[in-house]
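Hi everyone, thanks for coming. Let me put the model up, and then we'll walk through its core and its salt bridges.

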Amino acid sequence: MSNIKQQRGVAPQGVASKLRQITPRRLLNGVRSDLSLALRSSRVRHWPKSITIDIGNLCNLHCPLCPTGQGDKSVRRGFISVDNFKHIIDEISPYTGKLSLHNWGEPLLHPSLPELIRYAVQAGTQTQMSSNLVSLTPE
């Protein structure tokens, strides 16, 4: 796996870089979250430890059980704007350490995907996404 990452120019994430993502605010937020869960508190006094941002609700497949793939007309189609994404990251990044950039859409279709990833990583969030890889080219 690390050979694949190195061939594509992505260095494997080491322990030191993961430790840099643990800030005092994120640590305190994690403690609050775990304590709230353990005490079965009905009040939320913490930020989420991880968050999912669906950066676009468009997909190039037509999966039979997926509302996006089936063309659900109840929601407007499109991509999150770069400015809106940056605003969300600026608000959550002090407290939230993990970010997923997928849900019902295909993230590789977003025209500004590299910029979004770069901004989230520079904010110190561990960023991940899942893709069907259909639109991936050899370049």
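The largest nonpolar core here has 12 residues: Ile53, Ile55, Ile80, Val82, Phe85, Ile89, Ile92, Leu99, Leu101, Leu113, Leu116 and Ala120. By nonpolar core I mean buried Ala, Val, Leu, Ile, Met, Phe, Trp, Tyr and Cys residues joined through side-chain atoms within 4.5 Å; buried is under 20% relative accessible area, exposed over 50%, and partly exposed in between, with a 1.4 Å probe and protein chains only.

This is a predicted model, so local features need pLDDT of at least 70, side-chain atom pairs count only at pLDDT 80 or more, and totals for chains, interfaces and linings use all residues. Residues are numbered from 1 along each chain as its sequence is written, and side-chain values use heavy atoms, leaving out hydrogens and water.

Back to the core: helix 4 (82-92) and helix 5 (113-122) are the elements that give two or more residues to it, and helix 4 gives the most, with 4. Helices are DSSP runs of H or I, at least four residues, and strands are runs of E, at least two, numbered from the N terminus.

Now, how many salt bridges are there? The count is 2, taking a side-chain nitrogen of Lys or Arg within 4 Å of a carboxyl oxygen of Asp or Glu. Lysine 86 pairs with glutamate 115, with the closest N and O atoms 3.5 Å apart. That pair links helix 4 to helix 5, 29 residues apart. Lysine 86 is partly exposed at 25%, and so is glutamate 115, at 32%. Lysine 49 meets aspartate 34 at 2.7 Å, N to O.
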